[in-house]
Amino acid sequence: MGSTEADKPLRRIGASFEDLAAVAKQQQPAAMAAGDFSRACSHVSVLFGCLGIAFKFAEMDYVAKVNDLLEASKSVSTLPSMVEQDIQKGTVRVAGSHTRNLLRVKRGIDMVKVLFEQILVTEGNSLKDAASKAYAQVFAPHHGWAIRKAVGAGMYALPSKSQLLKKLNEDEASAKAQMQSFVRSSGPVILYIEDLFTSRNLGLDW
């Protein structure tokens, strides 16, 4: 029995981010729908789950933050208005605020983008180099010594590249195409979120 599209998370991720990128790349970007963004990000959760113990912390944190944004999107229709509400209330940097959670989710997307970029240029069957570089670039600067050490130890329990592809129901060629698609489409989305913060002088490094 052949796999259906539903069994292929990379395709769901790719398609949903293509839609977001289309909004982000407009000359005068429209206000990105909070629901569309949150649903697209929820498809990425499965990837963290496939990476095992090294990224368990990221999976738990990421899923919780995406769920918060999904819930918020029922009453706040766009990402800019979500951020504006927190600015008005003075809660931008408060733990649990939607804006803070949005920044954390953006980091998760960033991490997957860098991971895919590294997988695409790394020879062999090991994910350790690709995952280590992605973690070091995106998450490590924001983590204390204990988490960095735990992640470093967990890197030895990563699945191999072929095991990851099997979990994602892709062969090497199709996975490569899907990863390239995500790298292309997630870039404009990440820049859109970063611009939401920098244009309001909220900073990104917190």
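Is C50 buried or exposed? C50 counts as buried, at 8% relative accessibility; buried means under 20% relative accessible area and exposed over 50%, using a 1.4 Å probe and protein chains only.

This is a predicted model, where local features need pLDDT of at least 70, side-chain atom pairs count only at pLDDT 80 or more, and totals for chains, interfaces and linings use all residues. Residues are numbered from 1 along each chain as its sequence is written, and side-chain values use heavy atoms, with hydrogens and water left out.

**View 1. Here are C41 and C50, with no disulfide (a pair of cysteine sulfur atoms within 2.5 Å) to show.** C41 is in no disulfide, and its nearest cysteine sulfur, that of C50, is 17 Å away. That's too far for a bond. C41 counts as buried too, at 1% relative accessibility.

**View 2. This is the largest pocket, with a volume of about 240 Å³.** A pocket is an open set of points on a 1 Å grid over the protein atoms alone, with protein on both sides within 12 Å along at least five of seven lines, and lining residues have an atom within 4 Å of a point. Of the 15 lining residues, F57, D61, R104, F139 and H143 lie nearest the centre. By class, the lining has seven nonpolar, three polar and five charged residues.

**View 3. Next comes the second largest pocket, at about 200 Å³.** Its lining includes I119, L120, K161, L165 and M179. Sorted by class, the residues split into six nonpolar, two polar and four charged.

Definitions and conventions:
On a 1 Å grid over the protein atoms alone, a cavity is a set of points where a 1.4 Å probe fits but cannot get out, and a pocket is an open set with protein on both sides within 12 Å along at least five of seven lines; lining residues have an atom within 4 Å of a point. Grid points are joined across faces, edges and corners, and a volume is the space filled by probe spheres set on the points. Ala, Val, Leu, Ile, Met, Phe, Trp, Tyr, Cys and Pro count as nonpolar, Asp, Glu, Lys and Arg as charged, and the others, Gly among them, as polar.
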